[in-house]
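Subject: Structure for you to look at

Hello,

Here is the structure I said I would pass on. My notes on it follow below.

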Amino acid sequence: LPLTLAIAATAPTSRTTPALAATEAQAGAAYMVYGLLSDSRYAYRPLNLDDKLSVDIFRRYLDALDGQKLFFTQADITRFQPYKATLDDSIKAQNLSAPYDILGTYARRVDQRVAFARGLLAQPFDFTAKESWAYDREKATWAADQAALNDIWRKYVKNDALRLKLAGRSQEEIRTTHDHRKADLGPRAHERRGDAVSQGFT
């Protein structure tokens, strides 16, 4: 769905802001694009912005943010469910609080995961245990809760640490490398701001 222009401005960037919110310009742009896409004079294949399309927008947005299911839990997804068939109404009403609520939750979850990963790296892993890591989690189910997500991340970070160990890196080098990688996740999540909403609605 080509709604790239729908929310193409910037949102608040402060790491201390508890929730992101759309500006009036962004909300107006969303409504404008809706009008263009639904008008046969401007769109080759006019789209009906209805509940069916809302469900597709919802799915694409979650995939854009957390396609590998490493940040949201099932509890988050359950809380987002009321938005699933109402994003069409939100766009028509120029009310983008729903996608920004999801984006704000995503940014907080990234911060939590970064803190957890950095804690794991403080101690060396036990590589004698028989465990496996699935690289492609696109078809995996959402983690039931924080405990389940912690176990996923433990295996995720452990797998990366093992790859570096096999490459001849020392424990200190492994810790430093991973610390830098995971530390970058937080700023990137907050920098996405309105752009992430835009991409998710594309």
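Overall fold

Read along the sequence, the protein follows the pattern α-α-α-α-α-α-α. Please keep in mind that this is a predicted model. The protein has seven helices and zero strands. It contains 202 residues, of which 41% count as buried. Taking contacts between residues at least 6 apart in sequence, 79% join residues at least 24 apart.

Helix H2 covers residues 51-66. The buried residues in H2 are Leu53, Ser54, Ile57, Phe58, Tyr61, Leu62, Leu65 and Asp66.

H2 packs with H5 at an angle of about 20 degrees, and the two axes are 11 Å apart. An angle under 35 degrees counts as roughly parallel, and H2 and H5 are therefore roughly parallel to each other. Their crossing is right-handed. On the H2 side the contact is made by Phe58, Tyr61, Leu62 and Leu65, and on the H5 side by Pro99, Ile102, Leu103 and Tyr106. By class, this contact of H2 with H5 has eight nonpolar, no polar and no charged residues. Phe58, Tyr61, Leu62 and Leu65 are also among the buried residues of H2.

Helix H5 and its packing on H6

H5 (residues 97-120) also packs with helix H6 (residues 146-166), here at an angle of about 55 degrees with the axes 10 Å apart. H5 and H6 are therefore oblique to each other. H5 passes H6 in a right-handed crossing. From H5, the residues Arg109, Gln112, Arg113, Phe116, Ala117 and Leu120 meet Gln146, Leu149, Asn150, Trp153, Arg154 and Val157 of H6. The residues of this contact divide into six nonpolar, three polar and three charged.

Aspartate 76

Is aspartate 76 buried or exposed? Its relative accessible area is 4%, and buried means under 20%, so aspartate 76 is buried. Aspartate 76 lies in helix H3 (residues 74-80). Leaving aside neighbours within four places in sequence, aspartate 76 is in contact with Phe71, Thr105 and Arg109. Arg109 is also one of the H5 residues that meet H6.

Two loop positions

Glutamine 68 sits in the loop between H2 and H3. Its relative accessibility is 30%, so glutamine 68 counts as partly exposed. Which residues does glutamine 68 contact, leaving aside its neighbours within four places in sequence? They are Tyr135, Asp136, Arg137 and Glu138. Glutamine 68 and threonine 141 are 73 residues apart in sequence, while their C-alpha atoms are 9.7 Å apart in space.

Threonine 86 is in the loop between H3 and helix H4 (87-92). Threonine 86 has 30% relative accessibility and therefore counts as partly exposed. Between threonine 86 and phenylalanine 58 there are 9.3 Å from C-alpha to C-alpha, with the two residues 28 apart along the chain. Phenylalanine 58 is one of the H2 residues in the contact with H5.

Regards

Terms used:
Residues are numbered from 1 along each chain as its sequence is written. This is a predicted model: local features need pLDDT of at least 70, side-chain atom pairs count only at pLDDT 80 or more; totals for chains, interfaces and linings use all residues. Side-chain values use heavy atoms; hydrogens and water are left out. Helices (H or I, at least four residues) and strands (E, at least two) are DSSP runs, numbered from the N terminus. The expected span of a helix is 1.5 Å times one less than its number of residues. Buried means under 20% relative accessible area, exposed over 50%, partly exposed in between (1.4 Å probe, protein chains only). Axes are lines fitted to C-alpha atoms, for helices over the stretch in contact, and angles run from 0 to 180 degrees between N-to-C directions. Angles under 35 degrees count as roughly parallel, over 145 as roughly antiparallel, 65 to 115 as roughly perpendicular and the rest as oblique. A crossing is left-handed if the near helix is turned anticlockwise from the far one by less than a right angle, and right-handed if clockwise. Contact means heavy atoms within 4.5 Å. Ala, Val, Leu, Ile, Met, Phe, Trp, Tyr, Cys and Pro count as nonpolar, Asp, Glu, Lys and Arg as charged, and the others, Gly among them, as polar.
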